[in-house]
Amino acid sequence: MNKPTLVIMAAGMGSRYGGLKQIDKIDEQGHIIMDFSVYDAKRAGFEQVIFIIKKENEAIFREVIGDRVSRHMKVDFAFQDVADLPDGFQVPEDRVKPWGTAHAVRACRKLVNGPFAVINADDYYGAEAFRLIYDFLSTHQDDEKYRYAMVGYELGKTVTDNGYVSRGVCEVNEKQELVRVTEMTHIEKRGEEIVCTEDDGASWQTLPAETTVSMNMWGFTGSMMEEIENRFPVFLEKGLKENPLKCECYLPSVVTELLAENKATVTVLKSKDQWHGVTYQEDKPVVVKAMQQLKDSKLYPERLWD
C-alpha cells in the first residue's frame with residue numbers, strides 16, 4: 001500500500017477575511033497556519049504534500065511555504081481552474097466562482113495514487129489529528145466497502161467570537177461511524193450558548209458545545225478520486241440547469257451520497273485539540289497568541305524548518 005499523501009485545499013479566497021488569508025503570517029518567524037499543519041503531518045509520517053491553489057498564486061505560494069517545505073517533504077502543486085471540466089461541459093458565461101471542494105480535490109487526480117488526507121489551508125488542526133488520520137490510512141484498505149475516516153471536533157472548540165461560521169454537524173453511530181453530515185452555514189456564539197439559523201435569523205436553535213463537527217479533515221483511499229470523477233458530471237448536469245453561476249460540488253456531499261448508497265463507511269476519529277483559524281481579520285490576534293503559547297509549551301520549536 002502506498003504511503004498516505006496530504007492534500008491541502010488552498011485555492012479559495014477568504015471573502016469574509018478580506019484577502020489571501022492562507023498566506024498571512026502569524027508569528028515573527030514568518031510562519032503561516034499551513035506551516036504548522038505540514039509540520040504536524042510530517043511528524044505523523046506524511047512524506048508528500050499537494051497544495052491545491054490557483055495557478056496565478058503559484059509564485060507566491062512557492063515563496064511563502066513551498067520552497068522551504070520542499071527541503072523536508074515532496075511538494076506538488078495542483079491548480080483548481082473553473083475551466084477544468086469533463087468533456088462535453090462548458091463554463092457558463094459570467095461564471096467566476098470555482099466548483100467547490102470536490103472539484104478542488106479532483107484537481108490533483110493525476111498526482112494521487114493511493115490513500116490521502118484532505119485539509120483546509122486556513123485551519124489549525126493540532127498534532128493529534130494528523131497522527132489519528134495517518135495511522136488510520138496506514139492500516140485500512142477498502143474491502144466490500146470503501147473505508148474512509150474523518151477527524152471530528154467538539155463544536156465549542158471551533159467557533160469564533162468575531163462572527164458566524166459554517167460547520168458540518170455530524171451524526172455518529174455507536175460504532176463511531178458517520179451516519180450523516182449536515183452543513184450548517186450560520187453558527188455563532190451568544191454568551192455561553194452556541195446557536196444556529198438556517199432561515200436568515202427567522203428562527204434559531206441551540207447546539208451543545210460537545211456536538212461533533214467536521215472541519216474538512218478527511219481520510220480517503222484512492223477510490224474517492226474515482227467517485228469524484230464519476231459523480232462530478234452528474235452534479236454538473238443538475239447544477240448547470242438550476243444555478244449555473246453559483247452551484248458547487250462539496251466533498252461532504254459526495255461522502256453523504258456514498259453513505260446513503262451503503263458504499264462506504266467513515267470512521268470518526270475524535271480530536272480533543274482546540275481548533276484555530278482565521279475566518280475574520282479579528283481572529284488573527286487570537287491565533288497569533290495561541291500559536292505562541294503552543295511554542296512556549298515546547299509543542300513546536302520557534303523555527304519549524306531549521
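Of the 12 residues of helix α1, 10 are buried, so this helix is largely enclosed by the rest of the structure. Keep in mind that you are looking at a predicted model. The buried positions in α1 are Ile33, Met34, Asp35, Phe36, Ser37, Val38, Tyr39, Asp40, Ala41 and Ala44. The length of α1 can be checked too: at 1.5 Å a residue, its 12 residues should span 16 Å, and the end C-alpha atoms lie 17 Å apart, which agrees. Just after α1 comes Gly45, with a positive phi of about 130°.

**The nonpolar cores**

Which residues have the most contacts inside the largest nonpolar core? They are Phe46, Phe51 and Ile187, in a core of 59 residues. Helix α1 (residues 33-44) gives the most to this core, with 7 residues. Apart from this core lies another one, made of 40 residues, and among them are Val7, Met9, Ile52 and Leu251.

Leaving aside residues up to four places away in sequence, Ile187 touches Leu155, Val159, Gly163, Tyr164, Val165, Arg167, Val169, Ile194, Val195, Cys196 and Leu207.

**Strands around Ile187**

One of those contacts can be followed into the strands. Strand β8 (residues 178-190) pairs with strand β9 (residues 193-196) in the antiparallel sense, over 4 bridges. Across this pairing, Ile187 stands opposite Cys196 in β9. The hairpin of β8 and β9 has 2 residues between the strands, and Gly191 takes a positive phi near 65° there.

Strand β9 has a further partner: 2 bridges join β9 to strand β10 (residues 205-206), and these two run antiparallel. Here Val195, another residue that Ile187 touches, stands opposite Thr206 in β10. In a regular strand the side chains alternate between the two faces of the sheet.

**Salt bridges**

Turning to charged side chains, a search of the whole structure finds 27 salt bridges. Three of them are set out here.

| Salt bridge | N to O distance |
|---|---|
| Asp76 and Lys74 | 2.7 Å |
| Glu261 and Arg231 | 2.6 Å |
| Glu242 and Lys238 | 3.2 Å |

The salt bridge of Glu261 and Arg231 reaches across the sequence. Glu261 sits in the loop between α6 (251-260) and β12 (264-270), while Arg231 belongs to helix α5 (residues 223-242), so the pair ties together parts that are 30 residues apart in sequence. Glu261 is partly exposed, with a relative accessible area of 41%, and Arg231 is buried, with 14%.

An α-helix has 3.6 residues a turn, so residues three or four places apart point the same way. Both Glu242 and Lys238 are exposed.

Finally, some salt bridges share partners, and these join Glu227, Arg231, Glu257, Glu261 and Lys263 into one network. Glu261 and Arg231, the pair from the table, both belong to this network.

Note on methods: Residues numbered from 1 in each chain as written. Predicted model: local features only at pLDDT ≥ 70, side-chain atom pairs only at ≥ 80, totals over all residues. Heavy atoms only, no water. Core = buried A, V, L, I, M, F, W, Y, C linked by side-chain atoms within 4.5 Å. Buried < 20%, exposed > 50% of the residue type's maximum accessible area, 1.4 Å probe, protein only. Contact = heavy atoms within 4.5 Å. Salt bridge = Lys/Arg side-chain N within 4 Å of Asp/Glu carboxyl O. Pairing = 2+ DSSP bridges. Expected span 1.5 Å × (residues − 1).
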